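Dear colleague,

I am passing on the structure below, together with some notes on what came out of looking through it. Please read the notes alongside the coordinates.

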Amino acid sequence: MTVQHEIKSQLAKLLATEDIVVEHKQVETAQFNVQTRVLTLPMWEKASNGVIDMLVGHEVGHALYTPDTEWWKEVKVPQQFVNVVEDARIEKLIKRRYEGLNKTFYNAYHELSDKDFFEIENKDLDELNLADRGHFNFKIGHFVDFDLDIEENLLVNKIE
């Protein structure tokens with residue numbers, strides 16, 4: 001099924017409750033610029049409508065909940081950890097605001113996991129760094145088997 005870009009653009013604007021700019025480009029991943037209010041969606045050949053809906057929901061989460069400040073510079077937190085925590089935070093908030101997105105996110109991450117989108121099929125997840133393991137836990141943790149040790153579980157629980 002072909003992704004109808006104009007419909008996805010309108011969906012993003014409605015969910016964001018503002019007239020954000022939505023672009024569809026050949027980029028590796030979706031992104032939202034909190035300063036310029038531009039949401040960029042990738043034009044992936046094999047992306048289903050459900051995956052695009054999840055990307056819209058995720059990026060609108062940034063539009064609604066990510067502050068336009070660089071607070072992490074003051075606390076000297078590595079950017080990789082900021083990204084993991086912020087993504088988990090805004091996904092939880094957007095799914096609370098629009099409860100129907102829970103199923104959209106679940107199905108999209110299931111699809112991405114099945115397609116090995118994160119390219120982890122032949123990797124030992126136990127050897128990845130903590131930020132990557134936390135990232136995978138929140139995105140595809142329902143579909144991939146890996147164990148977090150006690151300290152990692154404590155951190156993941158704090159992020160949740």
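This is a predicted model: local features need pLDDT of at least 70, side-chain atom pairs count only at pLDDT 80 or more; totals for chains, interfaces and linings use all residues.

Residues are numbered from 1 along each chain as its sequence is written, and side-chain values use heavy atoms, with hydrogens and water left out.

The secondary structure of the protein comes to seven helices and three strands, where helices (H or I, at least four residues) and strands (E, at least two) are DSSP runs numbered from the N terminus. Read from the N terminus, the order of elements is α-β-β-β-α-α-α-α-α-α.

The three strands form an open sheet in the order β1-β3-β2, with mixed pairing; two strands pair if DSSP finds at least two bridges between them. Because β1 (21–25) and β2 (31–33) each have a single partner strand, they stand at the edges, and one side of each is left without a neighbour in the sheet. From one strand to the next, the twist averages 20°. Between β1 and β3 (residues 38–42) the pairing is parallel and extends over five bridges.

Two helices lie across this sheet: α1 (residues 5–16) across β1 and β3, at about 145° to β1, and α2 (residues 49–65) across β2 and β3, at about 160° to β3. For these angles, axes are lines fitted to C-alpha atoms, for helices over the stretch in contact (heavy atoms within 4.5 Å), and the angles run from 0 to 180 degrees between N-to-C directions.

Ser-113 lies in helix α5 (residues 101–114) and is buried, with a relative accessible area of 16%; buried means under 20%, exposed over 50% and partly exposed in between, with a 1.4 Å probe and protein chains only. Leaving aside residues up to four places away in sequence, Ser-113 touches Ile-140, Phe-143 and Val-144.

For the protein as a whole, buried residues make up 38% of the 160 residues. Among contacts between residues at least 6 apart in sequence, 52% join residues at least 24 apart. The C-alpha atoms fill a box of roughly 45 × 40 × 30 Å, taken along the principal axes.
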